[in-house]
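Colleague: I would like to learn how to read disulfides in a model. Can you walk me through this one?

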Amino acid sequence: MKFLLTIYICSQITGICAIPPGYPKSTADYYTCTKEGISEAYELLYNGDTFNRDTITLNRLYPTYTCKKILLPKKKPDPKPPKIERSL
């Protein structure tokens with residue numbers, strides 16, 4: 001069962017959360033979703049490429065994520081061709 005991972009970077013000052021580029025994204029299962037959610041949320045906030053210490057502190061930024069089950073429609077059975085009866 002697939003899950004949709006969405007990471008949010010939120011500000012305690014403004015109360016606004018933003019979704020970084022590349023999200024939401026599909027994951028194979030709930031375990032993978034939570035593992036990637038924790039890891040990637042941390043990496044986005046603290047890798048130093050996007051936010052520096054002052055920005056995080058000034059805006060009181062924090063990461064969060066959600067994992068929502070992807071509901072896929074049931075596959076419809078292939079229609080069978082009609083039987084053609086032959087008379088001899």
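Colleague: Start with C17. Is C17 buried, partly exposed or exposed?

Modeller: First, remember that this is a predicted model. Buried means under 20% relative accessible area, and exposed means over 50%. C17 has 39% relative accessibility, so C17 counts as partly exposed.

Colleague: Which cysteine does C17 pair with?

Modeller: A disulfide is called when two cysteine sulfur atoms lie within 2.5 Å. Here C17 is joined to C10, with S to S at 2.0 Å. C10 counts as buried, because its relative accessibility is 1%.

Colleague: What is the handedness of the link of C10 and C17?

Modeller: Read the angle about the S-S bond. For C10 and C17 that angle is 110°, and the link is right-handed.

Colleague: How many disulfides does a search of the whole structure find?

Modeller: The search finds two. C33 and C67 form a disulfide as well, with their sulfur atoms 2.1 Å apart. The angle about this S-S bond is -100°, and the link of C33 and C67 is left-handed.

Colleague: Which parts does the pair of C33 and C67 tie together?

Modeller: Look up the element that holds each cysteine. C33 sits in helix α1, residues 30-46, and C67 in strand β4, residues 61-69, so the pair ties together parts that are 34 residues apart in sequence. C33 and C67 are both buried.

Colleague: What is the pairing when the bonded cysteines are numbered in sequence order?

Modeller: The pairing is 1-2, 3-4. In residue names, C10 goes with C17, and C33 goes with C67.

Key: Residues numbered from 1 in each chain as written. Predicted model: local features only at pLDDT ≥ 70, side-chain atom pairs only at ≥ 80, totals over all residues. Heavy atoms only, no water. Buried < 20%, exposed > 50% of the residue type's maximum accessible area, 1.4 Å probe, protein only. Helix = DSSP H or I, 4+ residues; strand = E, 2+ residues; numbered from the N terminus.
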